[in-house]
Structure formats: structure tokens, C-alpha cells
Amino acid sequence: MEPTISILGGDLRQVYLARLLLEDGRDVTAWGLEQGGAPRSVSLDRALEGDILLLPLPVCRGDRLNLPLTDTELELRRLWPRLRYDQLLLGGMTGNLGPRLMADYGLTLVDYYAREETQVANAAPTAEGAIQLAMESTDRTILGSRCLIIGYGRIGRLLADRLLALGAEVTVSARKYGDLAWVQAWGCQSLRTDALAGRLERFDLIFNTAPALILDGARLRETREDCVIIDLASAPGGVDQEEARRLDRRLISAPGLPGKAAPRTAAAAIRDSVYHILEERGEPI
């Protein structure tokens, strides 16, 4: 028998996820997404009856479920005791929540965002969204702009490729020598991330993808006043926001870009990962 699927909270990615699953003929209900116009909206009690519960990306904000598209709040400590041990929970960026739920409540939580195919699929809309932000925030073309990308993970690689295609002069900073070799092989200039000091003034655009503080006060003071800095890293990000404000630097904090720039594409990536997880677990799909 095909499992029933309930989508609890999240942003526009989960709204599109509900629509995509319905297009696939799945038995889907949604809760906590009414401001996004999600189909098949039901009460929380009804949603909690689902065999598979699809939780947001990220699952929580503090001690509450991540619910940006509703005025309702739901404390996690009130949610978990209402769930059944035979339900499968799938969420994004779950951290250490999975082992805790198994130990405390006997619940199974799997992180769909931790999968490689999901992260790669999300890197593309992140790179495109970052370029869109750059184009909207500068008075120059990407063509000929001197761009620095901090970090050479999935997002950094795709972003470098797309900036090169648009005619930018691209420099990438990385920590690993192997990454620096690939940077050069793809036609970019390279810098070690720990050697950025004294080399930041020349850049028109700086994209940070590193999930650690890189652009502190000292490094921000080296950037030009007209430089646009786009921080793509998850909170707390890689840029000292308070110091950026004090120095009047043009900082755009843009975590979670796939959900804003291309929610349907991001939702399709989540849907595919959900199907892969069910297939690997031997569950009916």
C-alpha cells in the first residue's frame, strides 16, 4: 500500500514539493504552508497521521519547527511526543537531532539534505541566484568584473564556472592544495584562504561560501567601499555583519538562496532525494 505523505512547515520549497508530489500521484497533505498557497492543507492533527512526515529545511529555528509561511508556532518538545515510532521523518539540516529523537522517542529521522545529489542540485540555483544578486546590486557588468570566491566546494565550483562564462576575472580562495590545483586547471586565479590579507582591495565582487568567519573587521577594512560582498554561507555566515555595517560595506547576506531564487528546482531535488531514500530503505514508492 502506498504511504501517505504529510509536509509540515518550511518555505516555498515545501509548497512546490507538495505540488510535485501531487503531480506524481502521491497521497499528500500539508500543514503550516498556508501563506504559500500549498495544496491539500489540513489541520495539524490530520497531518500528523501521515506515514511519512516531510520536515523543513532546516528543520528548526531554535526550539521551534521552521514555519515561515504561517503565523502559528510549534515547539519541538510538543511535536515529538505526538508522533508514532512507525512513522518515517525526513528533514533537512538535522544536525544531531536524529540520534536524539531515536534515543528519547524511538523516532527515525533521515536527513535528505545531507545526500550528495541534493547538495549538488542545490548548488546550481545558489550559484545562479548569487549572480542575479550581483547583477542587481552593482552598476557594472559581470563581464570584466574582478570577482573573488571564498571556498571551492560545490557552490564555489559552479559559481566560478558561471562567472567565467560571463567574462568575469575570477579568483578563488581555498585551503587545500588539491582544490587550488583544480582552480588553476579551470582557468581561475588562486589564493589560499589564510593568505587573503593585503589582497582584497582589487575586487569588485566577493562571494563567500565558507561556513566560518573569514571576512572579519581587519579584512573588511581592506575591501573597497564600492565592493559588493555576497555571503552565501548558512548562519552565522562568513562575514562580520556588525563590522560591515560600521564600515558601511555593501553586504548581502543570502543563505538559503535555492528556496528564494528557484524554489521549484530546489523542491524537485528534495523530491528526488526522498524517492532515493525510500528506495534504499526498501519502502514502497
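**Pockets and a buried cysteine**

Me: How do the residues lining the second largest pocket divide by class?
Reply: That lining has 6 nonpolar, 4 polar and 4 charged residues. Nonpolar covers Ala, Val, Leu, Ile, Met, Phe, Trp, Tyr, Cys and Pro, charged covers Asp, Glu, Lys and Arg, and polar covers the others, Gly among them. The model is predicted, with pLDDT of at least 70 needed for local features and 80 or more for side-chain atom pairs, while totals for chains, interfaces and linings use all residues. Residues are numbered from 1 along each chain as its sequence is written, and side-chain values use heavy atoms, without hydrogens and water.

Me: What is the volume of the second largest pocket?
Reply: Its volume is about 230 Å³.

Me: And which residues lie closest to its centre?
Reply: Among the 14 residues lining the second largest pocket, the closest to the centre are G151, Y152, A174, R175 and D179.

Me: How much space lies in the largest pocket?
Reply: The largest pocket holds about 820 Å³.

Me: Which residues lie nearest the centre of that one?
Reply: M93, Y113, L232, S234 and G256 do, out of the 33 residues that line the largest pocket. By class, this lining has 17 nonpolar, 11 polar and 5 charged residues.

Me: Changing topic, is C227 buried or exposed?
Reply: C227 has a relative accessible area of 0%, so it is buried (under 20%, with a 1.4 Å probe and protein chains only).

Me: What is C227 in contact with?
Reply: Apart from neighbours within four places in sequence, C227 is in contact (heavy atoms within 4.5 Å) with F203, D204, L205, I206 and R250.

Me: Where does I150 stand relative to C227?
Reply: I150 and C227 are 77 residues apart along the chain, and their C-alpha atoms are separated by 15 Å.

Technical notes
1 Å grid on protein atoms, 1.4 Å probe; cavity = no way out; pocket = protein on both sides within 12 Å on 5 of 7 lines; lining within 4 Å. Points joined across faces, edges and corners; volume = space filled by probe spheres on them. Buried < 20%, exposed > 50% of the residue type's maximum accessible area, 1.4 Å probe, protein only.
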